[in-house]
Amino acid sequence: MLFDNHGRPINYVRLAVTDRCNLRCFYCMPEEGIRYLPNKELLTFEEIERLITLLASMGVSKVRLTGGEPFVRNDLMELIRTIVAIPGIDDLHITTNGVLTSPHIAELKALGVASVNLSLDTLHKDRFKSITRRDVFDDVVKTYSEIIDHQIPLKINAVVMEGKNIDDIVPLIELTKRNPIAVRFIEEMPFNGEGNHYPTLHWTYTKILEYITECYPNIYKIQDPENSTSYHYGIPGHRGKIGIIAAFSRTFCGSCNRIRITAQGGLKTCLYDDGVLDIKAMMRQGATNEELTQALLKAFSTRPLDGFEAEQKRKDHLPVHESMSTIGG
Ligand code: SAM
C-alpha cells in the first residue's frame, strides 16, 4: 500500500488523455481562443502504459481516464485495451461527455470497464446547447441508453449552476427511479479556463441538499463508500442513488486517495495544486523506473493536507484559473 504524509492511502489515478474537447461548456472552457497542446506534448500511449504499470507496482489499483474528452484522442480504445491488461489494475473507469462514446459501449462492457461517468447537466436539448455551445444532445442520450442497455455501472455528473439548470435537478433525480444509476450534483468550481474566481458559491452542497430535501422530503442518507467524494442519498421507491459533491467546499480531502496526471504529463497530488512533478519531462530525459519511483514517493510525502493548503502553496496563478479540461476532471 502507498500512503501520503498524512496517512491517506493513494490507490487511484485520474489521467487526462488529452486537453481537447468537442464541447465548450461555459463553466469549463472559453468559447474561443483555446490553445490546445501540440500532440507531442501529450503523453504517448507507451509513456502512459509505462507510468500506469509503475504506479500499479507501487499500489495504485484504480484508473480513471478523463480529459478533455477522452474519446477525441485517436485510438483511445487501444489504450483502454492496454490498461485493463496491466497487472494490479483492478478497475478502469471513464469520464466522458458521451458525444462520441456510444459506438464503443459494447466493447467497454466486454473489456470489463468498471463504470462510466457521463457528464449531463440538463435534460433539455436547447439548454444543453446553450451550456455546452454544441448541438449534440441526441448523441449523448444515445450513449446514455447504450450504457443502460449494456448494464455498465453509470454515474451522471451534473454541475449545479444558478440561473441555468436548477429546474433540471428533479428531472435528473427522476432518472434514478427506473434505473440503478447514480446522479451526482457537483458544486461549480473556479476551473473555467478564464480566471473568474467565485469568492462565494451560491449552490453549495448544503443548499443543493436543502433544495432536494424540499422536493423529496423522504430522502435518506446512505453510507458513503470509503474515499468517496460524494455524499450519498436514497429516495424511497428509486432504484438508483443521489450524490452531492462538495468540489468547491472541499469537505472530502481527509479521505482523498487520488492523484492526477494532467494532459501535459504533470503530476498533481491535489486538484487545487499547480503541478508538483513533470513526469513527462523525466521520462523523456531518460529517467529509470527507480528514479521515477523515488520522485513520485517524494511528491506523495509532501502532499498538502487539503485543497485550501494546496491552493495557498501554488507558485502561479492564485486564485486558480486553469480549465478542468487540462487538469483532468
Ligand atoms: N469530457 C469529459 C466529460 O465531460 O465528462 C471529461 C472531462 S470534464 C473536464 C470532467 C468533469 O468536470 C465534467 O463532469 C464537468 O462537468 C466537470 N467540470 C468541468 N469544469 C467544471 C467546473 N468549473 N466546476 C465543476 N465541474 C466542472
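These questions and answers set values from a predicted model against the definitions behind the words.

Residues are numbered from 1 along each chain as its sequence is written, and side-chain values use heavy atoms, with hydrogens and water left out. In this predicted model, local features need pLDDT of at least 70 and side-chain atom pairs count only at pLDDT 80 or more, while totals for chains, interfaces and linings use all residues.

Q: Why is Ile156 called buried?
A: Buried means under 20% relative accessible area, exposed means over 50%, and partly exposed lies in between (1.4 Å probe, protein chains only). Ile156 has a relative accessible area of 0%, so the residue is buried. Ile156 lies in strand β5. Helices (H or I, at least four residues) and strands (E, at least two) are DSSP runs, numbered from the N terminus.

Q: Which residues is Ile156 in contact with, leaving aside its neighbours within four places in sequence?
A: Contact means heavy atoms within 4.5 Å. Ile156 is in contact with Leu118, Leu120, Tyr144, Leu172, Ile181, Ala182, Val183 and Arg184.

Q: What makes Asn11 buried?
A: Its relative accessible area is 17%, so Asn11 counts as buried. Asn11 lies in the segment before β1. Not counting residues up to four places away in sequence, Asn11 touches Gly59, Val60, Ser61, Lys62 and Asn257.

Q: Why is the pair of Phe26 and Tyr27 called edge-to-face?
A: Rings of Phe, Tyr and Trp (its six-membered ring) pair if their centres lie within 6.5 Å; planes under 30 degrees apart count as stacked, over 60 as edge-to-face and the rest as tilted. By this rule the count comes to four aromatic pairs. Phe26 and Tyr27 are 5.6 Å apart, centre to centre, with 80 degrees between the planes, and form an edge-to-face pair.

Q: Are Phe26 and Tyr27 buried or partly exposed?
A: Phe26 has 22% relative accessibility, so Phe26 counts as partly exposed. Tyr27 has a relative accessible area of 13%, so Tyr27 is buried.

Q: How do you know that the charged end of Lys164 sits over the ring of Phe26?
A: A charge sits over a ring if NZ of Lys or CZ of Arg is within 6 Å of the ring centre and within 35 degrees of the ring normal. The charged end of Lys164 is 4.8 Å from the centre of the Phe26 ring, and sits over that ring. The charged end of Arg250 sits over the ring of Tyr272, 3.7 Å from its centre.

Q: What makes β7 and β12 edge strands?
A: Two strands pair if DSSP finds at least two bridges between them. Twelve strands form an open sheet with mixed pairing, in the order β7-β8-β9-β6-β5-β4-β3-β2-β1-β10-β11-β12. β7 (220-221) and β12 (277-278) each pair on one side only.

Q: How do you know that β3 and β4 pair?
A: Four bridges join β3 (residues 91-96) and β4 (residues 115-119), in the parallel sense. Thr96 has Leu118 in β4 as its bridge partner.

Q: How many bridges join β9 to β6, and how many join β9 to β8?
A: β6 and β9 run parallel and share five bridges. Ile186 has Ile245 in β9 as its bridge partner. β8 (residues 230-234) and β9 run antiparallel, with four bridges. Tyr231 has Ile244 in β9 as its bridge partner.

Q: Why is β9 called largely enclosed?
A: Four of the five residues of β9 are buried, so the rest of the structure largely encloses it.

Q: What makes the buried residues of α4 line one face?
A: In α4 (residues 125-132), Phe128, Ile131 and Thr132 are buried. Seen down the axis, they fall within an arc of 80 degrees, so they line one face of the helix. The arc is that of the directions from the helix axis to the C-beta atoms. The buried residues of α4 pack against α5 (137-149).

Q: Why are the buried residues of α6 placed on the same side?
A: Ile169, Leu172, Ile173, Leu175 and Thr176 are buried in α6. They cover an arc of only 135 degrees around the axis, so they lie on the same side of α6. The buried residues of α6 pack against α5, β5, β6, α7 (205-215) and β9.
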